[in-house]
Amino acid sequence: MNALTKSLLVGLLEQENYITGFYGGGFKPPTKGHFAVVKKSLEQFPDIDKFYIVIGKGIRDGISQDESYSTWNIYKKYLGDKVEIVKADPSPLTYIKDYIKSNTDHKSFIFIGSREDNDDDSQDFVKRKEFFDKYGDHVEVKNIITLGGTSGTKAREAAKISKEQFFQYLPKELTDEEKDIIFSYTQSTIQESTTQIKEK
């Protein structure tokens with residue numbers, strides 16, 4: 001076997017063994033529950049080469065894709081170099097679907113976060129698995145179960161009450177300064193949104 005043939009075979013094997021991970025959602029804002037899904041996914045599947053967090057475009061209580069992106073970039077330093085944050089257009093589902101349809105030469109793991117003993121989350125996992133399974137054997141859907149009832153909705157409500165309430169929804173790994181920065185993203189947009197509603 002000459003050097004060129006060997007190099008090509010090594011390249012093909014590396015490509016086949018390459019694994020991408022995807023975790024998509026609105027993340028308005030990203031909470032400690034979302035953070036836990038990514039952290040747990042990377043711990044359970046250490047062979048992942050690149051992990052994409054895919055953020056939706058929608059706005060909820062004034063929190064946009066930009067605020068979510070900025071928050072995930074603070075979280076990223078605690079999640080490692082494999083993580084890449086992506087702004088989806090138009091949606092995380094479309095972004096992931098387009099990727100797995102175009103990249104059939106390697107494995108793609110799609111991670112769904114489920115809160116323990118949450119029937120809605122369990123049903124959502126089944127639906128998403130059925131949706132992605134039809135794209136081929138190179139796609140695997142993984143259910144990552146986390147503790148607690150943390151959600152973006154609860155975090156937004158907490159931000160309207162106080163900083164201390166909101167901090168309960170953020171990862172414990174963050175510094176106080178980082179928590180303050182994330183609170184400022186969330187609080188300012190929620191206040192703007194509330195003001196606009198009152199003025200109408």
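A polar contact is taken as a pair of N or O atoms within 3.5 Å; within protein, one atom must be able to donate a hydrogen and the other to accept it, and residues adjacent in sequence count only if both atoms are side-chain atoms. The model is predicted, so local features require pLDDT of at least 70 and side-chain atom pairs pLDDT 80 or more, whereas totals for chains, interfaces and linings use all residues. Residues are numbered from 1 along each chain as its sequence is written, and side-chain values use heavy atoms, without hydrogens and water.

By this criterion, the side chain of histidine 106 makes a polar contact of 2.9 Å with that of aspartate 105. The side chains of histidine 106 and tyrosine 99 are likewise joined by a polar contact of 2.9 Å. Histidine 106 lies in the loop between helix H4 (92-102) and strand S4 (107-115), helices (H or I, at least four residues) and strands (E, at least two) being DSSP runs numbered from the N terminus. Histidine 106 is classed as buried because its relative accessibility is 7%, the class being under 20% relative accessible area, with exposed over 50% and partly exposed in between (1.4 Å probe, protein chains only).

Helix H5 comprises residues 119-133. Asp121, Phe125 and Phe132 are buried in H5. These residues lie on the same side of H5, because they cover an arc of only 45° around the axis, as given by the directions from the helix axis to the C-beta atoms. Asp119, Asp120, Lys127 and Glu130 are exposed on the other side of H5.

Methods. The expected span of a helix is 1.5 Å times one less than its number of residues.
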